[in-house]
Amino acid sequence: MPIFEFECADCGRISAHVMLGSKRASRPACPHCASARTRRVMSSFAVVESEASRLANLDTSRRPDESFYGDSRNVGLWAKKRAGEMGVDLGSKFDETVEKARTGKLIKDME
Ligand SMILES: [Zn+2]
């Protein structure tokens with residue numbers, strides 16, 4: 001799905017928009033302040049993949065670099081796959097923790 005992120009020149013906030021067909025060339029207004037002065041930024045989630053395909057494409061033979069963890073969706077993914085390869089069942093508690101880490105709830109819970 002073509003998802004693009006736009007940064008608002010007025011309020012500085014970034015919003016994500018699904019751009020289909022002819023809309024692709026247009027710039028959406030900022031949903032926060034309605035400014036039309038938005039510019040496209042490189043999206044951190046331009047390609048939305050299912051976790052299954054992300055897991056399949058993940059190469060655990062090399063350690064991920066920092067940019068890998070810069071993507072919050074990758075939190076726990078590497079460990080998950082590695083554990084799977086070693087036959088370790090991390091259990092549902094792990095999934096829950098990963099999910100919390102991804103959505104930022106983990107940090108909230110620690111505060
Ligand atoms: Zn704005």
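**Group meeting: a zinc site and its surroundings**

Okay, let's start with the spacing: along the sequence, the residues that donate to the zinc ion follow C-x2-C-x18-C-x2-C. Donors here are N, O and S atoms within 2.8 Å of the metal (3.2 Å for Na, K and Ca), and water is not among the atoms, so sites may look incomplete.

Quick housekeeping. This is a predicted model, where local features need pLDDT of at least 70 and side-chain atom pairs count only at pLDDT 80 or more, while totals for chains, interfaces and linings use all residues. Residues are numbered from 1 along each chain as its sequence is written, and side-chain values use heavy atoms, with hydrogens and water left out.

Back to the zinc. Its protein donors are the SG atoms of Cys8, Cys11, Cys30 and Cys33, lying 2.3 Å from the ion. What arrangement do the four donor atoms make? Tetrahedral, because the angles they subtend run from 105 to 117 degrees; the rule for four donors is that all angles lie between 85 and 135 degrees. For reference, the ideal angle for four tetrahedral donors is 109.5 degrees.

Is Cys8 buried or exposed? Buried, at a relative accessible area of 4%, whereas Cys11 is partly exposed at 33%. Buried means under 20% relative accessible area, exposed over 50%, partly exposed in between, with a 1.4 Å probe and protein chains only.

And disulfides? Searching the whole structure gives zero, a disulfide being a pair of cysteine sulfur atoms within 2.5 Å.

Now the strands (DSSP E runs of at least two residues; helices are H or I runs of at least four, and both are numbered from the N terminus). E1, residues 3-8, pairs with E2 in the antiparallel sense over five bridges; pairing takes at least two DSSP bridges. Phe6 has Ser15 in E2 as its bridge partner. The two strands make a hairpin with five residues between them, and Gly12 in the turn has a positive phi of about 75 degrees.

Last stop, helix H3, residues 77-85: its buried residues are Leu77, Trp78, Lys81 and Ala83. Just after H3, Gly87 takes a positive phi of about 75 degrees.

Technical notes
Tetrahedral: all angles 85-135°; square planar, octahedral: opposite > 155°, others 65-115°.
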